[in-house]
Amino acid sequence: MKNSIVLMFLAVFGFSNAQQDSTKVYKKRVLETTEVDFLSTYYAQDGKNASVTGGIGTEELTDLTGTIVVSMPLNADDVLTIDAGFSAYTSASSSNGNPFDISGASGDDDDDDDDDDDRDSVTDKIGSPWVTSSGASASDTWVNLGVDYSHSSDDRNTIWNVDASFSREYDYSSIGFGGGLTKLFNEKNTTLGVSGKVYLDTWNPIYPTELKAYSDVNGDLSEGFFDGVSIINQEGNESTEWSPINGFQSITDKARNSYSVSLSFSQILSKNAQFSVFLDLVKQDGWLGNPLQRVYFADVDNYYIGNANSISNYTSSSNKDVFHLADDIERLPSSRFKVPFGFRLNYYLNETFVLRTYYRFYSDDWGIQSHTFNLEVPIKISSKFTLYPSYRYYNQTESDYFAPYDSHLSTDEYYTSDYDLSKFNASQYGFGISYTDIFAKTHIWKFGLKTIDFKYNNYQRNTGLSANYVGIGFKFVQD
């Protein structure tokens, strides 16, 4: 019984005490056979603070992902892992890059290099931050491919790896690469790790329709998109006075690069307890804002397209037919330094219960500090089934550059109304169930089914954002 308890503890925490190659006769392979993981998730959210429309409007979004991870032993010491996936989303908020339900700057994959002027000639253009519009930014598919190669020393006390990745979405692409080194000491009870990552992203900027259209016609409100369109002021009277700040300047730096170094330390404290601590140093530079996100200024007159009678009700979800023309896009500093620091403490209580705790403190030079606490309690209900109830709490301070809708000043150097950079707190309640068959008796072709994992999370933010997440994963091992 004592041995079975120890073995169960090691299985829960994922430690692998490889046999020492003391006799030089047998060396345990790092990975005995090819493993294949199929993962799929569904995410749905709603809220009232869409950043694309300046901090108000629907945040409705759904996202479906699919991922396949194949880990292949190349020999006793080396493992090659290939990770490929996609994420297909529909977003009411990003669709409002073009809120007027016509082809515009955010439609037909237009970017800032196009000189086309194929604007719709319809004069009654109606939009609202609370109504989903059509356009290329209403839905998209993100694709990703990653490759990792790892090598373990003969005594399994040294592990190094290198990796590379590529991903692409409609408005950006990313190339990543990195590597790491892990050392095990004290009969593998102590672990030290260091790793580094570099991501080189390139924007294909997509701008709000009215700003892109204004730039295309050099501010002539009788041409292109604006031909025959009535622009109205705050009093509901027609006006030709609208213009974005500084005539709208598109972004000049299309790079967004990230560099990170991660340090970790892990220690088995006893047969029941394991502790780990980590520190990340992250530096970003380039264009760190989102060109599709609008900003409105309190000291600038407001101008609209649509029904003048709805202006007084603009910030209410009952507004379905008037849209506030942007003053500018989100503009943020060209550099950001982030420092997350945290620890984990896992404790094996008995054959049924394990406690997994996690805390992280985060700080950056944009003025944000945050605290994250997570508790998960795996409950082993049989030899094959384990339940995973969990709770996560998060809070953060406000960025120096954040202000709500129509609250910034035009004299500000940097500004955003993205509520991800606002002050908020959030709670997440989760539940999962895992099925494990160490003998992989169920087969599909030449692969045995080893595990099935299901997870559900409900997320609630005090700003009104709410979300639900469902994930399922299958692990197969080759016979």
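Rings of Phe, Tyr and Trp (for Trp, the six-membered ring) are taken as an aromatic pair if their centres lie within 6.5 Å, and the pair is called stacked with planes under 30 degrees apart, edge-to-face over 60 and tilted for the rest. The structure is a predicted model, in which local features need pLDDT of at least 70 and side-chain atom pairs count only at pLDDT 80 or more, whereas totals for chains, interfaces and linings use all residues. Residues are numbered from 1 along each chain as its sequence is written, and side-chain values use heavy atoms, with hydrogens and water left out.

The structure holds 22 aromatic pairs. Among them, Tyr-149 and Trp-160 have ring centres 5.7 Å apart and planes at 55 degrees, so this pair is tilted. Because Tyr-149 belongs to strand S4 (residues 139–152) and Trp-160 to strand S5 (residues 158–169), the pair ties together parts that are 11 residues apart in sequence; strands are DSSP runs of E with at least two residues, numbered from the N terminus. Tyr-149, at 26% relative accessibility, is partly exposed, as is Trp-160 at 36%, where buried means under 20% relative accessible area, exposed over 50% and partly exposed in between (1.4 Å probe, protein chains only).

A tilted pair is also formed by Tyr-394 and Phe-424, with 5.6 Å from centre to centre and 40 degrees between the planes. This pair links distant parts of the chain, Tyr-394 in strand S20 (residues 390–396) and Phe-424 in strand S21 (residues 424–436), 30 residues apart, and both Tyr-394 and Phe-424 are buried. Arg-461 lies over the face of Phe-424, at 3.9 Å from the ring centre.

Conventions
Helices (H or I, at least four residues) and strands (E, at least two) are DSSP runs, numbered from the N terminus. A charge sits over a ring if NZ of Lys or CZ of Arg is within 6 Å of the ring centre and within 35 degrees of the ring normal.
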